[in-house]
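Let's take a friendly walk through a protein model together. Have a look at the picture first, and then we will go through it piece by piece.

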Amino acid sequence: MQLIDIGVNLTNPSFADKHQAVLERAHAAGVCQLVLTGTSVEGSEQALALCRQLDDSAQRLFATAGIHPHSASDWNADSAQRLRSLLREPNVVAVGECGLDFNRDFSPRAQQEKVLEEHLALAVELQRPVFLHERDASQRLLEILRDYRDQLPAAVVHCFTGEKPALFSYLDLDLHIGITGWICDERRGTHLHTLVKEIPHGRLMLESDAPYLLPRSLRPKPKNGRNEPAYLTEVLREVALHRGESEQALAAHSTACARAFFGLPVID
């Protein structure tokens, strides 16, 4: 059984000097390929450097390149060109993380929207899929995406936590959906139990979003409280349970979906 973690923040300082051990545990758990999330220009460059450092074969580690909406205020005249250069690298497989976050508003909303459009224009220019972040902003995200969707090869709403109207609107726009350990949270994720049944084969992918979103249903829990890709098996278990599928079947179609979406190689 193979799994692909489509979103892991391996550049996070909590993983410093632990990368090799984290990857070994992931591979032992069946997580055979990982996409490292870029959330700033510098962070995207670091993610690419980790891919090169830790994966000589260029078969297992890949990265995205983008600026998270929290950091949209950091966009400057050099940002587009630096991201464009990164996105021409073979290990960099998607534009993002980019999008809108109207929950925390760490950057002004108008700036978030401007920077999202810059990312979408890059994705259209380079014909790369988009790795999207959205929180409390589904309607505005959809309005912006509609102007670009026909020219984009693909886009995934990562770490989907929304309600049914948002999910159906994303699916109607032919978007992919990423599910994390949020579904394992009995305090705020139970609404996803019924919604994951509605995501068709070929549109559903799994992700850890490590070191964040440690699955609350995981037993035993790690003493350090840090999530890591090896725990993607708990997300698999929970999603399979609520979709009424076997874990093997879910692993097979979600992995095939991720591989096709990001253009990843098939590995043994």
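**Helices, cysteines and a glutamate**

Helix 4 (residues 109-126) and helix 5 (residues 138-146) pack with their axes 11 Å apart, at an angle of about 40 degrees. Helices here are DSSP runs of H or I with at least four residues, numbered from the N terminus, and axes are lines fitted to C-alpha atoms over the stretch in contact, with angles running from 0 to 180 degrees between N-to-C directions. That angle makes helix 4 oblique to helix 5, because angles under 35 degrees count as roughly parallel, over 145 as roughly antiparallel, 65 to 115 as roughly perpendicular and the rest as oblique. Where the two helices touch, Glu113, Leu116, Glu117 and Leu120 of helix 4 meet Arg140, Leu141, Ile144 and Leu145 of helix 5; contact means heavy atoms within 4.5 Å. These residues divide into five nonpolar, no polar and three charged. Here Ala, Val, Leu, Ile, Met, Phe, Trp, Tyr, Cys and Pro count as nonpolar, Asp, Glu, Lys and Arg as charged, and the others, Gly among them, as polar.

Before we go on, note that this is a predicted model, in which local features need pLDDT of at least 70, side-chain atom pairs count only at pLDDT 80 or more, and totals for chains, interfaces and linings use all residues. Residues are numbered from 1 along each chain as its sequence is written, and side-chain values use heavy atoms, leaving out hydrogens and water.

Now turn to helix 2 (residues 41-54) and helix 3 (residues 79-87), whose axes come within 10 Å and cross at roughly 15 degrees. This makes helix 2 roughly parallel to helix 3. Val41, Glu42, Ser44, Glu45 and Leu48 of helix 2 make the contact with Ser79, Arg82, Leu83 and Leu86 of helix 3. Sorted by type, the residues of this contact are four nonpolar, two polar and three charged.

How many disulfides are there? The count comes to zero, where a disulfide is a pair of cysteine sulfur atoms within 2.5 Å. The sulfur of Cys159 has its closest cysteine sulfur in Cys184, 11 Å away, so it is too far for a bond. Cys159 is buried, at 11% relative accessible area, and Cys184 is buried too, at 5% (buried means under 20%, exposed over 50%, partly exposed in between, with a 1.4 Å probe and protein chains only).

Cys184 also leads us to Glu234, which touches Cys184, Pro215, Ser217 and Leu218, not counting residues up to four places away in sequence. Glu234 is found in helix 8 (residues 232-243) and counts as buried, at 10% relative accessibility.
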